[in-house]
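Hi everyone, thanks for making time. Have a look at the protein on the screen, and then I'll walk you through it.

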Amino acid sequence: HTKRFKTVIEAERHLTSLRYNIDQGNKFDQREWAKDQPLSFLSLREKFVESKDIKDISTKQIVHIEMVLNKAGDKWDMMQIKDITESEIDDFFIKTKNAEIGNKTLANYKTVLHDFWAWAVKREKRKSKLEMPDFPDIKYKMGWRNIVDMESQEKILNELWNISKDSNPRI
């Protein structure tokens, strides 16, 4: 464990806190103090996306996963994953909901974050005793779509054909 301090007193205080945590039964994990921060949200989300690249999912899905994790990363990138609690997760969804995003989209975001945490917990549970956080319930109701009969579809297509034939394209 390497860390620089300006004074000896600050260094002793840091060592005392580490010793206290070990005495309380908390396991010392060198990765929490590493410069490259392997347990940070940023580092783990990058590894998660890499793991998705080798799976049989579409590029569109990977782009969606990256977009959701980037949004969450705006607040969490420099945090250790075990320090992100249910309250931060709730705040993320509240902030996102306030940005005029519907509940179906929020439910999709929740699915991505839940999948990410399940992957991280499976990966790190033995070494860093990472636990799965609880995610908020996001309810939504899908609207019914209007079904258009074949005759109406034919009329619509014919009208579109007539309109496109009559108009002059601007290219």
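Let's start with a question: among contacts between residues at least 6 apart in sequence, what percentage join residues at least 24 apart? In this protein the value is 62%, where a contact means heavy atoms within 4.5 Å.

Before I go on, a word on where this comes from. This is a predicted model, so local features need pLDDT of at least 70 and side-chain atom pairs count only at pLDDT 80 or more, while totals for chains, interfaces and linings use all residues. Residues are numbered from 1 along each chain as its sequence is written, and side-chain values use heavy atoms, with hydrogens and water left out.

Okay, the overall layout. The protein has 6 helices and 0 strands; those are DSSP runs, H or I of at least four residues for helices and E of at least two for strands, numbered from the N terminus. Of its 171 residues, 28% are buried. Buried means under 20% relative accessible area, exposed means over 50%, and partly exposed is in between, using a 1.4 Å probe and protein chains only.

Now let's zoom in on Ala-72, which sits in helix 3, residues 59-76. Is Ala-72 buried or exposed? Ala-72 is buried, at a relative accessible area of 0%. If we skip neighbours within four places in sequence, Ala-72 touches Phe-41, Phe-92 and Leu-113. Take Phe-41: along the chain, Phe-41 and Ala-72 are 31 residues apart, and their C-alpha atoms are 9.1 Å apart.

Next up, charges. Side chains of opposite charge can pair when their charged atoms come close. Searching the whole structure turns up 2 salt bridges, meaning a side-chain nitrogen of Lys or Arg within 4 Å of a carboxyl oxygen of Asp or Glu.

One of them joins Asp-77 and Arg-45, at 2.8 Å from N to O. Asp-77 is in the loop between helix 3 and helix 4 (86-97) and Arg-45 is in helix 2, so this pair ties together parts 32 residues apart in sequence. Both Asp-77 and Arg-45 are buried.

Then there's Lys-52 with Asp-115, at 2.9 Å from N to O. Lys-52 belongs to helix 2 and Asp-115 to helix 5 (residues 103-128), so here the linked parts are 63 residues apart in sequence. Which one of the two is buried? Lys-52 is, with a relative accessible area of 12%, whereas Asp-115 is partly exposed at 31%.

That's my tour, so over to you for questions!
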